[in-house]
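Please open the model in your viewer and keep the selection panel at hand.

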Amino acid sequence: MEFANKEYFILLVLLIPYIIWYLLYQKKSEPTMRVSTTAAYRNAPISWRQRIIHAPMVLRCLCFAMVVCVLARPQTYNAWDSKSVEGIDIMLAMDVSTSMLAEDLKPNRLEAAKNVAAEFISGRPNDNIGLTIFAGESFTQCPMTTDHASLLSLLGGVRTDIAARGIISDGTAIGMGLANAVSRLKDSKAKSKVIILLTDGSNNMGDISPMTSAEIAKSMGIRVYTIAVGTNKVAPYPVPVAGGVQYVNMPVEIDTKTLANIASTTNGNAYRATNNSELKQIYKDIDVLEKTKMDVKRFSKRYEAYQPFAIAAFVLLLMEIMLKLTVLRRIP
C-alpha cells in the first residue's frame, strides 16, 4: 500500500499543540474545593471512571489521525512489475487440413493434437508461446504471448472447416506454415527459439518449399521439432453422406523424409506419432527443452483503499461521543 498525497501527514504535527493545550486546560477546567487536609482521601481507591477520564481525548486524536490517512489517499501498489523468469520462445505450427479429421487417433488427429498441445502449454507458464495453423495456406492464429488463457481459447477454436468451407485452400503447405512460424520468431531476443511443427501429410501447396523455410530457421538459430501424426498404412476418414457419415479408408502419405531433414537442418528432432499415447510422450520429450531467462511484465490495477481508515475514524468518533454521553457524562 502507498499514499498518493503524503504531504497531508504534516497535519499530524497539529496533535502536539493540541495535546499540550488539553493537559493545561484540563487542569484549569476541573472544579476545585479547598479543604484543610487530604489525608482522609490518601488511601481511597481509584475508580475505573477516573482511569478512563482521558479516553475521549485519546480517541479524538486517533480519529484525527485516521482522517489524515484518508486525505493522504491510500492506494494499492500500482506499477508494471518486471521480473526475470525461466522460459523460451515457442511457436506451434499445426496442420488443419481436412485430412486431420482421420480417426486413427481419438477422437481424430486434430482434436488429439489440440488436447496434447493444451497440456503442453499449461505446463510451461513462463514461456512465450504462439500458434500458427496451415492447410493450403498459413496464418497466425495467436502471436507469441505469456497470456496462455487467451492462447488456449484460440487453440480450442481451431477447426478443419476453414479449409472445408473454402475460407483457405485445402492441402498441406508445410513450407508456408514453417515460414509463418519463423517470421514470428525472427525478432525474438530469447537465446532458445523453438518451432513444433505437426502435420499428417506431405508438402503439396504453397510458394515456399519446406527446406527453404528450414534454412531460414537455421540462419536465425531456430530449432524445429517435427511431428508426423498418423498410422503407417490407412486411416478411417469420415465422409458426410445423406443421413449420416460413412467411413472410408484413406491412405496415409506422410513425407517423413522431408520432416526428418527439416529437424536435422535446424538441430531439432523428428518424431512419429501413430496413436494418442505416442503423441503425448513426444510432447513430454520436447518439454525437457533447455530454458533461458526472459523478462515478464505484469500489471497491477490501482484502486483506492481509504475505506478502512474512514470506517476506523467513524468508529473512534462514535466511541468518544458515547463515552461523553454515558459513563463520563458531567452534570453542569
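**The open sheet**

Begin by selecting the open sheet of six strands, whose order is β6-β5-β4-β7-β8-β11 with mixed pairing; two strands pair if DSSP finds at least two bridges between them. Strands (E, at least two residues) and helices (H or I, at least four) are DSSP runs, numbered from the N terminus. The model is predicted: local features need pLDDT of at least 70 and side-chain atom pairs pLDDT 80 or more, whereas totals for chains, interfaces and linings use all residues. Residues are numbered from 1 along each chain as its sequence is written, and side-chain values use heavy atoms, with hydrogens and water left out.

Next, colour β6 (138-145) and β11 (270-273): these strands stand at the edges with a single partner strand each, so one side of each has no neighbour in the sheet. On average, neighbouring strands of this sheet are turned by 15° against each other, direction ignored.

Now select β8 (residues 222-229), which runs parallel to β11 and is joined to β11 by four bridges. Within this pair, Ile227 stands opposite Tyr271 in β11.

**A helix pair**

Move to α3 (residues 55-71) and α11 (residues 307-325), which pack at an angle of about 160° with axes 8 Å apart. The two helices are therefore roughly antiparallel, a term for angles over 145 degrees. Show the side chains of the contact, including Leu59, Leu62 and Met66 of α3 and Ala313, Leu316 and Leu323 of α11. By class, this contact has 17 nonpolar, no polar and three charged residues; Ala, Val, Leu, Ile, Met, Phe, Trp, Tyr, Cys and Pro count as nonpolar, Asp, Glu, Lys and Arg as charged, and the others, Gly among them, as polar.

**A loop residue**

Finally, centre on Thr172, in the loop between α6 (161-164) and α7 (174-185). Is Thr172 buried or exposed? Thr172 counts as buried, at 5% relative accessibility; buried means under 20% relative accessible area, exposed over 50%, and partly exposed in between (1.4 Å probe, protein chains only). Among the residues that Thr172 touches are Asp95, Phe134, Thr199 and Asn203.

Methods
Axes fitted to C-alpha atoms, helices over the stretch in contact; angles between N-to-C directions. Parallel < 35°, antiparallel > 145°, perpendicular 65-115°, else oblique. Contact = heavy atoms within 4.5 Å. Lists of a residue's contacts leave out its neighbours within four places in sequence.
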